[in-house]
Amino acid sequence: DEFISSPPKKTVRFGGTLTDILLKYEKGETTDFELLTHQLSDPDIKDAQIINWLHEFRASVAYLTKEHEQLVRILLKLPWLRRGREVVEEYLGFLGNLVSAQTVHLRACLRMIVSQFVPPRVTIREDDVDISDSDDDDENLPENFNTCHRALQTVARYVPSTPQFLMPILVENFPFINKSERTLECYVHNLLRVTVYLPTLRLQILELIIEKLLKLDVSSPQQDIEDAEETARNAESEEKSTEEGLFDMEEDEERKGNKVVSSSSERMAHPLAERLDILMTILFSYIKDISHVDGKLDINNTKDLYRDLVAVFDKLILPTHASCHVQYFMFYICSFKLGLAEAFLDHLWKKLHDPNNPSVIRQSAGSYIGSFLARAKFIPVVTVKACLDLLVNWIHKYIDNQDTGANAFCDVALHGPFYSTCQTVFYTFIFRHKQLLDGNLRKGLSYLQSLNFERIVMCQLNPLKICIPSIVNLFAAITRKYQLVFCYTIIERNNRQFIPVVRSGSGGDLVQTCTNPLESFFPFDPYILKRSKKTIDPFYQFWEELSAEDLENLKKPIKKGTSEDEDDDFLKGETPQNDGVVGIAQNSYESNTRSPLSSIGSPPECFVPYPQ
């Protein structure tokens, strides 16, 4: 206040007051106006000059009508952010006066502020050639962002309708996904900051961010990320071996080796995966910060955020096939409190059993239920049992209604949600069977027998024929071990009925097998982005490798007559010539389909010999 009331410093100027200049311009006398615009556009303009002009403009905003749009545009281009504190304060005061008196300039002011949400570009030219074009990541950047948010809050305070004008500008200014990691990181971080003081925009901003993350996610399939990491590791080992040949000095080698490790240990080799990793880390931090106050979970904040995230999940994530990482924002927020995880499961269950939903959405909901129950450490056995009860009861009712009618035959198009639900049950059982049987084996077996797997497996709809073979094989092996159901007769019959498609190619005949007619994927397969996985791993259930004893039990045929060689062939995924079973190669799934057995930390391919 003291500064504002004090007289401005004298500077070089011309032609009367600002009001005089603007009035002359309206009468057609443009000389002074042109001098004014020239001085304001001068890149070497001094702080004192900016303050002097802004002081006058604040008193003359009534004259800055739509006719003076060009002048306002020049004022909005003033380099105010990287100036002294006095300039910043005067500029914020000017913005407040301008938007309150002339709302016609609101959009232009908002565009100017949002354009500062990313680091400026620094271009170095030599002989008319750009030799460097990079982000200006100076140490004042966080302070500049703070000032931008102050400016936005100032505008919003004077113009209550700011949010509805701001949102389209946030959308159109979102950097393209191929922009630098730093640019994307700053923009997303600043968008999330906006949600704190403009809460009415939170749902729309989360939707915008997650939509962009989804584009990054589907543009970097898990197989591509793993291939890029492997290539980088190979290149690193070659570099190290070259260094060992060139430098014999131990200290030199140690220094170089450490440098390689420190620079590459956190970075993702795949460029889009690197961007996604950084942005997922920011999103997880935001979810944690909003849900916790002074380190303690604030249940009301968390519930409100959960509702927004579920709305985005329904709109964007659930209809998207085979995204790898973005959906983990739901996994993470559900880890805060069991009630949230149960609410999410209930939400998915309603999607699955509602016949009014499209089949593809119901099947996707089934995949999410199975993957969530299998992978979330924070879900106790009692909740797993409650979900299995719901799913299995629904399956039995479906069989009651369909198993004797005109549609009582195996057809994915007719019974897609049924097969998806069966696969969800089988998958959950594979991951959780030890916990279900833990403690009291007799009681556990009694519970599993009450699910009546035999009726599901034996029904006319034949789910074992449709579900992914690797899941079917593990389910068959484990249920046989505990004498819950004997699946091999049906599996063998299915394999005899299966007619492979043979196509001639340059490499000879190729047998094509459709091993995933449901086009299933498991959304909570292992998370492989290096930085953000640290947030997920503590809550994540990795596949526990089967012990030697378990493997022996699974390998043993019920009846004798299978030779040891045939046993080994099955475990390798190969097929003996004499039993008519189609072997499934490890990579025979379509490239965009991720089975639960295709990544690190998932069950291995396990082919169990059928009884002869």
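Colleague: How many disulfides does the count come to?

Modeller: Zero disulfides, going by the distance between cysteine sulfur atoms. Keep in mind that this is a predicted model.

Colleague: What about Cys148, buried or exposed?

Modeller: Buried, since its relative accessible area is 1% and the cut-off for buried is under 20%.

Colleague: And Cys324, buried or exposed?

Modeller: Cys324 is buried too, with a relative accessible area of 3%.

Colleague: Okay, switching to His149. Which helix is it found in?

Modeller: His149 sits in helix 8, which covers residues 141–158.

Colleague: Why does His149 count as buried?

Modeller: Because its relative accessibility is 1%, and anything under 20% counts as buried.

Colleague: What is His149 in contact with, leaving aside its neighbours within four places in sequence?

Modeller: With those set aside, His149 touches Phe117, Asn190, Arg193, Val194 and Tyr197.

Colleague: Let's zoom out a bit. How many helices and strands does the chain have?

Modeller: There are 28 helices and six strands in the chain.

Colleague: And what share of the residues count as buried?

Modeller: 49% of the chain's 612 residues.

Colleague: What about contacts between residues at least 6 apart in sequence, how many of those join residues at least 24 apart?

Modeller: That's 75% of them.

Colleague: Now helix packing. How do helix 18 and helix 20 cross?

Modeller: Helix 18 (residues 359–375) and helix 20 (residues 412–437) have axes that come within 8 Å, crossing at roughly 5°. So helix 18 is roughly parallel to helix 20, as angles under 35 degrees count that way.

Colleague: Which residues make the contact?

Modeller: On helix 18 they include Ser359, Arg362, Gln363, Gly366 and Ile369, and on helix 20 they include Gly416, Pro417, Tyr427, Phe431 and Arg432. By class, the contact of helix 18 with helix 20 has six nonpolar, 10 polar and three charged residues.

Colleague: And helix 3 with helix 5, at what angle do the axes cross?

Modeller: Roughly 20°, with the axes of helix 3 (residues 31–41) and helix 5 (residues 69–76) coming within 9 Å. That makes helix 3 roughly parallel to helix 5.

Colleague: Is that crossing left-handed or right-handed?

Modeller: The crossing of helix 3 and helix 5 is left-handed. Helix 3 puts in Phe33, Leu36, Thr37, Leu40 and Ser41, while helix 5 brings Leu71, Ile74 and Leu75.

Colleague: How do the residues of that contact divide into nonpolar, polar and charged?

Modeller: For helix 3 with helix 5, six are nonpolar, two are polar and none is charged.

Conventions:
Residues are numbered from 1 along each chain as its sequence is written. This is a predicted model: local features need pLDDT of at least 70, side-chain atom pairs count only at pLDDT 80 or more; totals for chains, interfaces and linings use all residues. Side-chain values use heavy atoms; hydrogens and water are left out. Axes are lines fitted to C-alpha atoms, for helices over the stretch in contact, and angles run from 0 to 180 degrees between N-to-C directions. Helices (H or I, at least four residues) and strands (E, at least two) are DSSP runs, numbered from the N terminus. Angles under 35 degrees count as roughly parallel, over 145 as roughly antiparallel, 65 to 115 as roughly perpendicular and the rest as oblique. A crossing is left-handed if the near helix is turned anticlockwise from the far one by less than a right angle, and right-handed if clockwise. Contact means heavy atoms within 4.5 Å. Ala, Val, Leu, Ile, Met, Phe, Trp, Tyr, Cys and Pro count as nonpolar, Asp, Glu, Lys and Arg as charged, and the others, Gly among them, as polar. A disulfide is a pair of cysteine sulfur atoms within 2.5 Å. Buried means under 20% relative accessible area, exposed over 50%, partly exposed in between (1.4 Å probe, protein chains only).
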